[in-house]
Amino acid sequence: MSKVSALWNLHFQLLFLALVLLCSLDGVFSRSTSSFVRSGFSSVDIPLDNKVFAVPKGYNAPQQVHITQGDYDGKAVIISWVTSEEPGSSKVFYGDIKGTYDKSAEGKTTNYTYYKYRSGYIHHCVVDGLEYEKKYYYKIGTGDSSREFWFQTPPKIGPDVPYIFGIIGDLGQTYNSLSTFKHYLQSGAQSVLYLGDLSYADRYEHMDGERWDSWGRLVERSAAYQPWIWSTGNHEIEYAPHLGEFSTFKQYLHRYTTPYMASKSSSPLWYAIRRGPAHIIVLSSYSPFVKYTPQWLWLRDELKQVDREKTPWLIITMHVPLYNSNSAHYMEGESMRAVFESWFVQYKVDLVFAGHVHAYERSYRISNINYNITSGSRYPVPDKSAPVYLTVGDGGNQEGMAGSYLDPQPDYSAFREASYGHSTLELKNRTHAFYRWNRNDDGEQTPVDHVVFHNQYWANNRRRRRLRKHHASLDNMRYIQTY
Ligand SMILES: *[C@@H]1O[C@H](CO)[C@@H](O)[C@H](O)[C@H]1NC(C)=O
Ligand SMILES: *[C@@H]1O[C@H](CO)[C@@H](O)[C@H](O)[C@H]1NC(C)=O
Ligand SMILES: *[C@@H]1O[C@H](CO)[C@@H](O)[C@H](O)[C@H]1NC(C)=O
Ligand SMILES: [Fe+2]
């Protein structure tokens, strides 16, 4: 070897070493735990006589009105409400001109008892055959007590139709919940991905159904106008043998419906919908999910249905986070991670949203699929095919803040903060999504965590990337680009 080439060799080795050092330093320094100290309200439920829970005026007036998507692709909605004096009518009158309701649909009524609580009459009505991207007005109830609302149908499924989802978890009904909810109302989002744990009614001694009713009235000012895409948490289980209540999810299942049959699911607790540019898969953390169970079989088949050419954004919601470095609920998601994580990587899932932990956290793209009980590789490693895991369980319920994090912050954790808030996910086109997490104390102008997500199917594929090379530069400098 000549002197010159030996020198070059050394030069390259040094350069390489410097690069490795830089990269690892970058990894260390970019993790962050926010030191923000929130000045929140105490975590008590708002009294039932507060105006946010006001019962609408009039005999048997519909209350707790909420809508959700009613089919696979967004041309139907399910409209639900409660009447308290008598069953009344389950009919929805609707049309695309305000005040002119030229069409109608007939729904169904149900009621239940839970221990000593007796529910009102709960109505669910599917309105289908709607047109895309259209504003519809609807009227429910009869006579002087009837009420009118509206909703907007989503654009037709397609790779480049923009759409904004809001993300809320573990809301409850405290003053902190109200603050989160009011911030959400200003967000401009078009539909809510709800991450489980709704009313926290089960915190009351006899699992008070009245707190289910008050929660329904609280969220009506959003949920009557835009679909909330539900998933369930531990507070919906309400298994209470000491009260003679042996079934699970009883109150939730009477009150909230999902279009599960449209995705060939056998349970309303796990299902999928497609909306605009997104394929949303809702999983149930508290239903069997190990190999050969109905949820496992269903998810295996649903993932095969995903068509990233039509719906580039593959998003999964569940209650218990698979990656969480908060001391609260630490490792509770391990069992599901062991079962589903390899699929999430195989199918290049973009984002996995969870709640449960009453704080905020965002992960890097990491996986731990090499770990098994005989391998020595125990730690999550960077993985370009892995989803980003986001915990948005910070709605502000009665149980308070999960303020204690594992220290030091693990490598997989990119950002975490113990504050209440909500997120928005603005899907711009097939390659770009603007994501923000907003803590309650700030206005919408100063999102605390903001990231541009690049689509896992369209943006990270070299062949596809060549096609959109001229779009390579990012113009919006307000956003930190990490993926
Ligand atoms: C449902 O409502 C009907 C009519 O008021 C009542 O007779 C019945 O007992 C209720 N069922 C339950 C399970 O509460
Ligand atoms: C588990 O890990 C061992 C050791 O790395 C490897 O040989 C084996 O194939 C792995 N098993 C499975 C099922 O992945
Ligand atoms: C997608 O959206 C991003 C962000 O707005 C933009 O920079 C990019 O040019 C868009 N790509 C296409 C193909 O329109
Ligand atoms: Fe929970």
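Here are a few friendly notes on this predicted model, going from the whole protein to some of its parts.

1. **The protein overall.** The secondary structure comes to 7 helices and 26 strands. Of the 483 residues, 46% count as buried. If you take the contacts between residues at least 6 apart in sequence, 72% of them join residues at least 24 apart.

2. **Helix H5, its length.** H5 covers residues 294-305, which makes 12 residues. From its first C-alpha to its last it reaches 17 Å, close to the 16 Å expected at 1.5 Å a residue.

3. Which residues of H5 are buried? They are Gln-295, Trp-298 and Leu-299. Seen down the helix axis, these buried residues fall within an arc of 100°, so they line one face of H5. An α-helix has 3.6 residues a turn, so residues three or four places apart point the same way. The face turned away from the buried side carries the exposed residues Leu-297, Arg-300, Asp-301 and Lys-304. As for what the buried residues of H5 meet, they pack against helix H6 (334-346).

4. **Pro-294.** This proline has its place in helix H5. Is Pro-294 buried, exposed or partly exposed? It is partly exposed, because 15 other C-beta atoms lie within 10 Å, whereas a buried residue needs 20 or more and an exposed one has 12 or fewer. Leaving aside residues up to four places away in sequence, Pro-294 touches Ser-266 and Ser-267. Trp-270 is 24 residues from Pro-294 in sequence, and the two are 9.8 Å apart in space, C-alpha to C-alpha.

5. **Strand S17.** Trp-313, Ile-315 and Thr-317 point one way from the strand. Leu-314 and Ile-316 point the other way, and all of these residues are buried.

6. **The partner of S17.** Strand S16 (residues 278-282) is joined to S17 by 5 bridges, and the two strands run parallel. Which residue of S17 is the bridge partner of His-279? That partner is Leu-314, one of the buried residues described in the previous point.

How values were computed
Residues are numbered from 1 along each chain as its sequence is written. Chains are lettered from A and ligands numbered from 1 in the order in which they are written. This is a predicted model: local features need pLDDT of at least 70, side-chain atom pairs count only at pLDDT 80 or more; totals for chains, interfaces and linings use all residues. Helices (H or I, at least four residues) and strands (E, at least two) are DSSP runs, numbered from the N terminus. The expected span of a helix is 1.5 Å times one less than its number of residues. The arc is that of the directions from the helix axis to the C-beta atoms. Two residues are in contact if their C-beta atoms, placed from the backbone, lie within 7 Å. Two strands pair if DSSP finds at least two bridges between them.
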